Amino acid sequence: MPDPLSTTPRKVAEVQSWDLEADVVIVGFSMSGAAAALGALEVTSDVLALERGGGPEGTCGGIVYLGGGTPMYTFLLAALGPGVDEEKLRVYCDESLLHFDWLVRQGVPLITGPDEAGTMLASPEDDGFINVGGQEYAGGGLVWTGGEQAHPFSALVRPAPRGHIPRDPDSDEDLFEGAVLKCLVRAAERAGVRTEYNVGVQRLVVDDEGRVTGVEARRFGTVLRVRARRGVVLTTGGFIYNDEMLAQHTPAMLAVSKLGHGGQDGLGIQMAQAAGADAIHMDTADITLVLTPPMSYARGILFNALGRRFINEDTYYGRLGAEAAFRQDTIAYLLLDESTFLESSWRRPSWAEDSLAELETQMELPAGALEQTVAYYNEHAARGADPLFHKGERWLQPLVPPYAVIDLRQQAFPMSAFTMGGLRTAVGGEVLTPDGSPIAGLYAAGRATSALAVSGYCSGISLGDCSFFGRRAGQSAAS
């Protein structure tokens, strides 16, 4: 019996019989897996999804980032980079309105509803309407999800909220957590996908030319061989729950909380690599604060272990998390004065003093560092300017005693992360080797791949690209 931990591909000549088979075999019935199933079912009626858990897996939220056109492309190119695959991004932007329409047709309720007033996700009151397939959808439910209205992005294109939150059309309740996953799974099941649960795929099956012809799996200790007559699609998730891979590729992630489910252990990536696949941007991750802060907190200042500011406070909190984790050793504090704290008191302060010198002593900061930071900030804030980080003028005001500091370090205010690096794929989902050639019969989508987000992130881009490129991978595999 083969080593159960080995990901070395099985040669098809060693397979005496197949236990299951289909035109397209999808490994991982996640959101991207459900989208891949729907895409494949547009081409063939014989699609099999394998899931090692007892049901569809996914912990995704509900925002979907879609908008369309050149302004969205320009913003995302800056917000998700450097290193963005521009060909993928162009296709995603050009077809995002069509994808919105496709999601709605699959039953995803991207309907308008009340804004999240007072938070960083709040949208303006006059979003207007968007037109999809001749039907208008009110834009009042759109939300900001990536710091579009903050420096440096606000100077690139006119800021616009493009985050869609699924909502129940018959009530005011959000369908936030897992909404898109549930809807796509139901749509795939209605469309005829076959599912096999508690089947853990461990390696690919290849022929003498290296073409992927199936997978080898285990169900409760029993080996299963599954034939894919046309193609295998890997939608197995990232590797945030694989500490060995984290230590190798992005060790800073070992210091933050994990976002996702335990199945995101990188096994799909490893199986494909064992078959010759390239994996890229493995050192990248999205890191965000667990709790969404109220936007009014931007009137304070964020500072590091040296008592110095390091980012504009009105930025997207995902950028804040990444900056703190990757460049500030997960150390960040928020300084508020009495007026800003009363308006922003969603967290208890860890320190409160009448003077900055006393705060420096209490927090063991370099003497005079925070005083110097605040003096410089106040001098320019009084004139409506922020020459260091260009915070929006509406959030600028001098800070006066008494002061409060909210501890944003990992041990006090957890940051959560998921990995963004993964298999290198073409626009159609074909898995590529290091020289850029496709591995015949192998496709992938979702967090198992390096998708749109690389060195930056905005909320909703994962649900957008997982469903968009998942569908395309399924179509390619079936064709």
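## A cluster of rings

In this predicted model, ring pairs join Tyr65, Phe75 and Phe153 into a cluster. Rings of Phe, Tyr and Trp (its six-membered ring) count as a pair if their centres lie within 6.5 Å; planes under 30 degrees apart are called stacked, over 60 edge-to-face, and the rest tilted. By this rule the count comes to nine aromatic pairs.

One of them brings together tyrosine 92 and phenylalanine 468, edge-to-face, with 5.2 Å centre to centre and 85 degrees between the planes. This pair links distant parts of the chain: tyrosine 92 belongs to helix 3 (residues 86–94) and phenylalanine 468 to helix 12, 376 residues apart. Helices here are DSSP runs (H or I, at least four residues), as are strands (E, at least two), numbered from the N terminus.

Buried means under 20% relative accessible area, exposed over 50%, and partly exposed in between (1.4 Å probe, protein chains only).

## A covered helix

Now look at helix 1 (residues 31–41), where eleven of eleven residues are buried. Its buried residues pack against several elements, including strand 2 (20–27), helix 5 (179–191) and helix 12 (461–478), where contact means heavy atoms within 4.5 Å.

## How to read the values

Residues are numbered from 1 along each chain as its sequence is written, and side-chain values use heavy atoms, leaving out hydrogens and water. Local features need pLDDT of at least 70 and side-chain atom pairs count only at pLDDT 80 or more, while totals for chains, interfaces and linings use all residues.
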